[in-house]
Amino acid sequence: MITITAATGQYGRLVIDELLKLGVPASGIVAAVRDRAKAADLAERGVQVREADYDRPETLVPAFTGTTRLLLIPGAVFGQRYPQMRRAIAAAVEARVGLVAYASFVNTDTSTLRLGKEHKQTEQELRSCGLPNVMLRNGAYTEMYTTTLGPALDQGAIIGSFGDGKISAATRADLAAAAAVVLTSDDQAGKVYELGGTAFTMSDLATEVSRQTGTPLTYRDLTVDQYAKALAGAGLPDAFADLLADTSLAATRGDWYTDSTDLPQLIGRLSTPLATAVADALKAGPAHTLDPRG
């Protein structure tokens with residue numbers, strides 16, 4: 001039995017899709033979710049749906065019982081991820097899960113990201129819990145940058161504090177495909193995968209969007225304080241704006257870059273090119289809201 005937590009999120013749903021493509025029977029997949037109603041479509045496909053609320057520990061052991069492979073996808077609330085993951089890991093131990101895969105951040109060992117602290121704590125907790133485990137250190141989602149182009153196209157510039165930092169982003173679908181391969185492969189215990197796509201800078205992104213739209217677009221670099229103020233001015237709470245600005249600045253320190261080839265090796269092909277991701281986003285219509293990496 002393969003259990004996916006946070007299975008109604010975008011990444012979790014894609015992992016389930018990829019497992020089905022690999023031939024895992026729907027009845028052999030558990031979608032562990034906080035709100036069962038949101039997983040009605042998964043149940044219609046034959047996937048088992050079980051309640052699993054990180055903030056209600058009593059739901060976790062029943063959700064994980066019988067699981068041979070568990071994918072832990074952290075929650076989206078900064079400051080709550082590690083406490084939630086501690087509860088989930090404790091439940092996995094009690095349920096005697098065979099293998100736990102954790103969806104972490106790229107470069108967790110060395111990352112200076114404020115967002116990365118809880119991933120470091122969770123990885124340490126998982127390593128010390130006694131269960132076989134594997135780390136899926138996901139790079140930034142390409143969609144973070146390609147589906148939030150509305151304001152940039154309106155203003156003629158992408159803004160941020162990325163400098164010339166390279167971002168080894170990958171699409172959610174690529175990262176989900178990698179997770180599905182790991183969850184269906186033998187001898188994964190103890191492995192650490194650094195999962196990143198072909199790196200690009202924000203200037204590269206601006207150039208590609210300009211090429212595809214015919215609209216002149218540049219990248220305008222700001223100090224981290226300026227960027228935080230710009231985000232707050234766009235309506236984000238100050239604390240969240242500061243957090244996102246720090247996430248941007250981390251690119252200048254190399255936190256979002258990896259030269260690892262783990263991702264293409266796992267999925268058996270090159271990761272989705274930036275040009276393709278931009279084209280897909282423009283076809284769908286770029287959103288005007290931020291989609292923070294979670």
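What should the 12 residues of helix α8 span, at 1.5 Å a residue? Helix α8, residues 172–183, should span 16 Å, and this agrees with its end C-alpha atoms, which are 16 Å apart. The expected span of a helix is 1.5 Å times one less than its number of residues. Helices here are DSSP runs of H or I with at least four residues, numbered from the N terminus.

Before I continue, a word on the source. This is a predicted model, in which local features need pLDDT of at least 70 and side-chain atom pairs count only at pLDDT 80 or more, while totals for chains, interfaces and linings use all residues. Residues are numbered from 1 along each chain as its sequence is written, and side-chain values use heavy atoms, with hydrogens and water left out.

Let us stay with α8. Of its 12 residues, 10 are buried, and the helix is thus mostly covered. Buried means under 20% relative accessible area, exposed means over 50%, and partly exposed lies in between, with a 1.4 Å probe and protein chains only. Among the buried residues of α8 are Arg172, Asp174, Leu175 and Leu183.

Asp174 leads us to the salt bridges. By salt bridge I mean a side-chain nitrogen of Lys or Arg within 4 Å of a carboxyl oxygen of Asp or Glu. Asp174 forms one with Arg269, and their closest N and O atoms are 2.7 Å apart. Arg269 lies in the loop between α12 (262–267) and α13 (274–284), and Asp174 in helix α8, so this pair ties together parts that are 95 residues apart in sequence.

How many salt bridges does the structure hold? There are 16. Another of them joins Asp41 to Arg13, with the closest N and O atoms 2.6 Å apart. Asp41 lies in helix α2 (residues 40–44) and Arg13 in helix α1 (residues 10–21), so the pair links parts 28 residues apart in sequence. Asp41 is partly exposed, at 33% relative accessible area, and Arg13 is partly exposed at 23%.

A further pair is Arg86 and Glu125, whose closest N and O atoms are 3.8 Å apart. Arg86 lies in helix α4 (residues 81–94) and Glu125 in helix α5 (residues 117–128), so the pair ties together parts 39 residues apart in sequence.

Thank you for your attention.

Key:
Helix = DSSP H or I, 4+ residues; strand = E, 2+ residues; numbered from the N terminus.
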